[in-house]
Amino acid sequence: MPGTNRTAIALDETSKAIIEQLQADGRRSYADIGRSVGLSEAATRQRVQRLVDSGVMQIVAVTDPMQLGFARQAMIGIKVTGDVSVVADALAELPSVSYVVMTAGSFDLLAEVVCTSDDELIGILNHDIRGLDGVVSTETFVYLKLHKQFYDWGTR
């Protein structure tokens, strides 16, 4: 989800239940969700819109890029000097970067990329990422096969 300076938003039990319903099936109708959580269809629609607008959740189709014509997917570990947030923000602006996270450990940042070819991956690495001020080094982990990708962890 976009943004780097998010603070936790207090969610009531109804909003949590709506999120869990959508995690189980993002195509579920507002009427069905409303029946499950005790709200009208209109009230459920408004709640969902507030959750989306606030950045708490997104409703998207989760896909396997390799089955959609993309030839390469990789996670890139990045070591940075200086302000890590500046590099993270620059990475987040790159169209081929789908995920950026600040980490503790061997790398300062992890960035996931989806590419149409190995040549595109090389260009992203050499020009887009290694060319950023503050990037010291990178290590690329090329995905060979997607074995699991679920987002139904619920709420707390």
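1. **What you are looking at.** This is a predicted model, in which local features need pLDDT of at least 70, side-chain atom pairs count only at pLDDT 80 or more, and totals for chains, interfaces and linings use all residues. Residues are numbered from 1 along each chain as its sequence is written, and side-chain values use heavy atoms, with hydrogens and water left out.

2. **Overall layout.** The chain has five helices and four strands; helices (H or I, at least four residues) and strands (E, at least two) are DSSP runs, numbered from the N terminus. Read from the N terminus, the order is α-α-α-β-α-β-β-α-β. Along the principal axes, the C-alpha atoms fill a box of roughly 55 × 35 × 25 Å. Of the 156 residues in the chain, 29% are buried; buried means under 20% relative accessible area, exposed over 50%, and partly exposed in between, with a 1.4 Å probe and protein chains only. Take the contacts between residues at least 6 apart in sequence: 64% of them join residues at least 24 apart, where contact means heavy atoms within 4.5 Å.

3. **The sheet.** Four strands make an open sheet in the order β2-β3-β1-β4, with antiparallel pairing. Two strands count as paired if DSSP finds at least two bridges between them. At the edges are β2 and β4, each of which pairs on one side only. On average, neighbouring strands of this sheet are turned by 20° against each other, direction ignored; axes here are lines fitted to C-alpha atoms, for helices over the stretch in contact, and angles run from 0 to 180 degrees between N-to-C directions. As background, strands of a sheet pair through backbone hydrogen bonds, either parallel or antiparallel.

4. **Strand partners.** Strand β1 (residues 72-80) pairs with β3 in the antiparallel sense over seven bridges, and Ile78 has Leu109 in β3 as its bridge partner. Five bridges join the antiparallel strands β2 and β3, with Val97 standing opposite Val113 in β3. β2 and β3 form a hairpin with six residues between them, and Gly105 in the turn has a positive phi of about 140°.

5. **A helix on the sheet.** Helix α4 (residues 84-92) lies across β1, β2, β3 and β4, and runs at about 165° to β2.

6. The largest nonpolar core has 20 residues, of which Ile78, Val87, Leu91, Leu109, Val113 and Ile129 touch the most other members. By nonpolar core I mean a set of buried Ala, Val, Leu, Ile, Met, Phe, Trp, Tyr and Cys residues joined through side-chain atoms within 4.5 Å. The elements giving two or more residues to this core are β1, α4, β3 and α5 (118-129). Apart from it lies another core, of eight residues, including Ile18, Ile19, Ile33 and Met57. Not counting residues up to four places away in sequence, Val113 touches Arg72, Gln73, Ala74, Ile76, Ser96, Val97, Leu121 and Ile124.

7. **The aromatic pair.** The structure holds one aromatic pair. For reference, rings of Phe, Tyr and Trp (its six-membered ring) pair if their centres lie within 6.5 Å; planes under 30 degrees apart count as stacked, over 60 as edge-to-face and the rest as tilted. The pair links distant parts of the chain, 34 residues apart: Phe107 is in the loop between β2 (97-102) and β3 (109-115), and Phe141 is in strand β4 (residues 135-142). Phe107 counts as buried because its relative accessibility is 14%, while Phe141, at 37%, counts as partly exposed. Lys79 lies over the face of Phe107, at 6.0 Å from the ring centre; a charge sits over a ring if NZ of Lys or CZ of Arg is within 6 Å of the ring centre and within 35 degrees of the ring normal.

8. Thr44 belongs to helix α3 (residues 41-53) and is buried, with a relative accessible area of 0%. Leaving aside neighbours within four places in sequence, Thr44 contacts Ile18, Tyr30, Ile33, Gly34 and Leu39. Arg45 is also in helix α3, but is partly exposed at 38%. The C-alpha atoms of Arg45 and Phe141 are separated by 40 Å, with the two residues 96 apart along the chain.
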